[in-house]
Amino acid sequence: PDVVPRFERRSMRLISEEEAFDAERYIGDYFGAADDILFTMAMDSNCFIPHWEKYINRVDDLIDGLNGLSTSDVDTKCHVTKFTEEDNLRLSRLPRCKFTLNHTDL
C-alpha cells in the first residue's frame, strides 16, 4: 500500500473484496433460522428495541428537540451553580499539588 498510488488502492480493495465475498456463507445464516431461538428472539420486534427508539419515538420529536438547541453564549434555560463564600474558602484551603509527567508516563 505504501507504493501504490491512492487512487488505485480503492479499486484494488474493491476487487479484493469482490473476490473474497462468499454469498453462501451469508445465505446459510437463514437456513434453520426458525429453529434458532436466539435468531427468533432477535428478529422479534417486541424483544429487541434499539436504544434510540427507547428515547425518541418519532422523527418529529427529534426535530423539535434539535430546533430547541441554542448556540448562544447566554442560555436562559441553563442553571449555573455559584459557590458560596464558605465554598470558596474551603476550596482555597485544599492542598495544591503539582504533577510533572514525562511522555513515558502517559
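Which residue's side chain meets that of arginine 13 in a salt bridge? The partner is glutamate 17, with 3.1 Å from N to O. This is a predicted model. A search of the whole structure finds one salt bridge.

Helix H1 covers residues 6-20 and has the highest mean pLDDT among the elements of the chain, 90.

Arginine 13 has a relative accessible area of 40%, so it counts as partly exposed. Glutamate 17 has 43%, so it is partly exposed too.

**The overall fold**

The chain has six helices and zero strands. Read from the N terminus, the elements run α-α-α-α-α-α. Of the 106 residues, 3% count as buried. The accessible surface of the chain comes to about 11,200 Å². Carbon and sulfur atoms hold 57% of that surface.

**A nonpolar patch**

Which residues form a nonpolar patch on the surface? They are Ile37, Leu38 and Met41. Together they have about 320 Å² of accessible area. Leucine 38 lies in helix H3, which spans residues 37-43. The relative accessibility of leucine 38 is 61%; exposed means over 50%, so leucine 38 counts as exposed.

| Residue | Relative accessible area | Class |
|---|---|---|
| Arginine 13 | 40% | partly exposed |
| Glutamate 17 | 43% | partly exposed |
| Leucine 38 | 61% | exposed |

The chain averages a pLDDT of 76. A score of at least 70 is reached by 75% of the residues. Which element has the lowest mean pLDDT? That is helix H4, residues 51-55, with a mean of 67. Where pLDDT is low, the predicted coordinates should not be read in detail.

Key. Residues numbered from 1 in each chain as written. Predicted model: local features only at pLDDT ≥ 70, side-chain atom pairs only at ≥ 80, totals over all residues. Heavy atoms only, no water. pLDDT = per-residue confidence, 0-100. Helix = DSSP H or I, 4+ residues; strand = E, 2+ residues; numbered from the N terminus. Salt bridge = Lys/Arg side-chain N within 4 Å of Asp/Glu carboxyl O. Buried < 20%, exposed > 50% of the residue type's maximum accessible area, 1.4 Å probe, protein only. Patch = residues over 30% accessible without salt bridge, like charges linked within 9 Å, V, L, I, M, F, W, Y side chains within 5 Å. Areas by Shrake-Rupley, 256 points an atom, 1.4 Å probe, with all protein chains shown as cover.
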